[in-house]
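Subject: Structure handover

Hi,

Here is the structure you asked for. My notes follow below it.

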Amino acid sequence: MSSPGVVVEALLLSVQDGSLRYRPRSTPVTDGAHPDDVARLLAGLSPCTEGGLLHSTSWRVEQGAVVLTYAALPDLDPRHTRPVRLDAMTSGPHPLAPSPATVDLDAVAAHACRHLAMLADTDATVAAATRLLPQLWEPLRKLAPVPAGALTAVAV
């Protein structure tokens, strides 16, 4: 049995008129490159990018390759973007078979945004990045789940 190939997919995030947008870029990993480095190159990010953040958010098998998805922000060239459909979701057919037969890219982007929203409240590195790009993080932070027990009762 041979090893599957690895593809890095970077979902470059931006905001337009207050709405989250994304632009996918992908390429196979070659010559022993580290997937983080490949994602950073795809996104055009560097240590000098103000508020730059790269985070691995999911993986899937597609056409015999493992696709590693990274959320990358900010998108330095936010042309030809797609709206993030926050209601897009996908799941496997059974609790012990979590991989769906097909994965919609809109669902991958929505998952990545929800993942970043959670990290904004739980990860110090991500929390620090949120302060550098508030216009981009404002719509992301609205996706943060409410912890159990934090709901307030509504008077009827």
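The radius of gyration, taken over C-alpha atoms, is 17 Å; a compact globule of 156 residues would have one near 15 Å, so the chain agrees with that. The globule rule is 2.2 Å times the number of residues to the power 0.38. Along its principal axes, the C-alpha trace spans about 60 × 45 × 30 Å.

This is a predicted model: local features need pLDDT of at least 70, side-chain atom pairs count only at pLDDT 80 or more, and totals for chains, interfaces and linings use all residues. Residues are numbered from 1 along each chain as its sequence is written, and side-chain values use heavy atoms, with hydrogens and water left out.

Fold. The chain has 4 helices and 5 strands. Their order from the N terminus is β-β-α-β-β-β-α-α-α. Both types are DSSP runs, numbered from the N terminus: helices are H or I with at least four residues, strands E with at least two.

Contacts and burial. Contact means heavy atoms within 4.5 Å. Take the contacts between residues at least 6 apart in sequence: 60% join residues at least 24 apart. Buried residues make up 37% of the chain (buried is under 20% relative accessible area, exposed over 50%, partly exposed in between; 1.4 Å probe, protein chains only).

Cores. A nonpolar core is a set of buried Ala, Val, Leu, Ile, Met, Phe, Trp, Tyr and Cys residues joined through side-chain atoms within 4.5 Å. The largest has 22 residues, and L73, L116 and W137 touch the most other members. At least two residues each come from β1 (5-16), β2 (19-28), β4 (65-73), α2 (105-122), α3 (124-130) and α4. The largest share, 8 residues, is from α2. Leaving out residues up to four places away in sequence, W137 touches L53, L73, L116, A120, V126, A129 and T130. A second, separate core holds 10 residues, including A10, A39, L42 and A43. In soluble globular proteins, nonpolar side chains tend to be buried together.

P139. This residue sits in helix α4 (residues 134-141). P139 counts as buried because its relative accessibility is 14%. With residues up to four places away in sequence not counted, P139 touches V15, G18 and L20. L41 is 98 residues from P139 in sequence and 25 Å from it in space, C-alpha to C-alpha.

Best wishes
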